[in-house]
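Subject: Structure handover and notes

Dear colleague,

Here is the structure I said I would pass on. My notes come after it.

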Amino acid sequence: MPVTNKRKAVGRDAAVQGTNDSSVLSKVSAVAQGYFLDDYLKQFVFNEFRSYYARWRAVDHCVKQFLWLTESCPRRQVLSLGAGFDSLYFCQRAEGTQSGGCLSWTSQMLSGARLLLSITTLH
């Protein structure tokens, strides 16, 4: 198999593995909410939750630190690039950490942006 075909296969494998990872996390959330019972899922996700929590904590800390350090600036901007839903703005707005001259931008894939718009306009 030529090298380029191997790279494409590895890329496809990683994409499929990514759907598995998010699916398992969704299943664990459903079990936690009592939708169904599965005592085995937790054996597969410990590292997934730990790594996600570490990433979330790092981003949350950096954005809060930025907002605190630039509190006296009349105009500030936070840009979030993503491919899905990100509740960072909503959480920080509820905490009061994003106020007074702070403009938040979230860039999503078009399909995700349409769905997010439809959800936020309902509430």
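The notes below go from the overall make-up of the chain to particular residues.

Basis

This is a predicted model, in which local features need pLDDT of at least 70 and side-chain atom pairs count only at pLDDT 80 or more, while totals for chains, interfaces and linings use all residues. Residues are numbered from 1 along each chain as its sequence is written, and side-chain values use heavy atoms, with hydrogens and water left out.

On confidence, the mean pLDDT of the chain is 75, and 69% of its residues reach 70 or more; pLDDT is the predictor's confidence in each residue, from 0 to 100. Among the elements, β1 has the highest mean pLDDT (82), and helix α4 (residues 110–122) has the lowest (67).

Overall make-up

The chain has four helices and two strands, in the order α-α-β-α-β-α from the N terminus. Helices (H or I, at least four residues) and strands (E, at least two) are DSSP runs, numbered from the N terminus.

Of the 123 residues in the chain, 15% are buried. Buried means under 20% relative accessible area, exposed means over 50%, and partly exposed is in between (1.4 Å probe, protein chains only). The accessible surface comes to about 10000 Å², and carbon and sulfur atoms hold 61% of it. Accessible areas come from the Shrake-Rupley method with a 1.4 Å probe; for residues, only the protein chains shown count as cover.

Among contacts in the chain with a separation of 6 or more, 58% are between residues 24 or more positions apart. Contact means heavy atoms within 4.5 Å.

The largest nonpolar core has five residues: V63, L67, V78, L88 and C102. Such a core is a set of buried Ala, Val, Leu, Ile, Met, Phe, Trp, Tyr and Cys residues joined through side-chain atoms within 4.5 Å. Leaving out residues up to four places away in sequence, L88 touches V59, D60 and V63.

Q92 is found in helix α3 (residues 88–95) and is buried, at 1% relative accessible area. With residues up to four places away in sequence again left out, Q92 touches D60, V63, K64, L67, T97 and Q98.

Salt bridges

The structure holds two salt bridges, a salt bridge being a side-chain nitrogen of Lys or Arg within 4 Å of a carboxyl oxygen of Asp or Glu. As background, side chains of opposite charge can pair when their charged atoms come close.

K64 is partly exposed, with a relative accessible area of 29%, whereas D60 is buried, at 6%.

The side chains of E95 and K64 also meet in a salt bridge (3.3 Å, N to O). This pair links distant parts of the chain, with E95 in helix α3 and K64 in helix α2, 31 residues apart. E95 counts as partly exposed, at 48% relative accessibility. Through shared partners, the salt bridges join D60, K64 and E95 into one network.

Strands and surface patch

Which residues form a nonpolar patch on the surface? They are L79, L81, L103 and W105, with about 470 Å² of accessible area together. Patches are made of residues with over 30% relative accessible area and no salt bridge: like charges are joined within 9 Å, nonpolar side chains (Val, Leu, Ile, Met, Phe, Trp, Tyr) within 5 Å. The elements that give two or more residues to the nonpolar patch are β1 (76–81) and β2 (102–107).

L79, in strand β1, counts as exposed at 58% relative accessibility. L103, in strand β2, counts as partly exposed at 40%. L103 touches R76, Q77 and V78, not counting residues up to four places away in sequence. L103 and V78 are 25 residues apart in sequence and 6.4 Å apart in space, C-alpha to C-alpha.

Helix α1

K27 lies in helix α1 (residues 3–32) and is partly exposed, with a relative accessible area of 38%. Apart from neighbours within four places in sequence, K27 is in contact with F36 and L41. K27 and L41 are 14 residues apart in sequence, with 7.7 Å from C-alpha to C-alpha.

Regards
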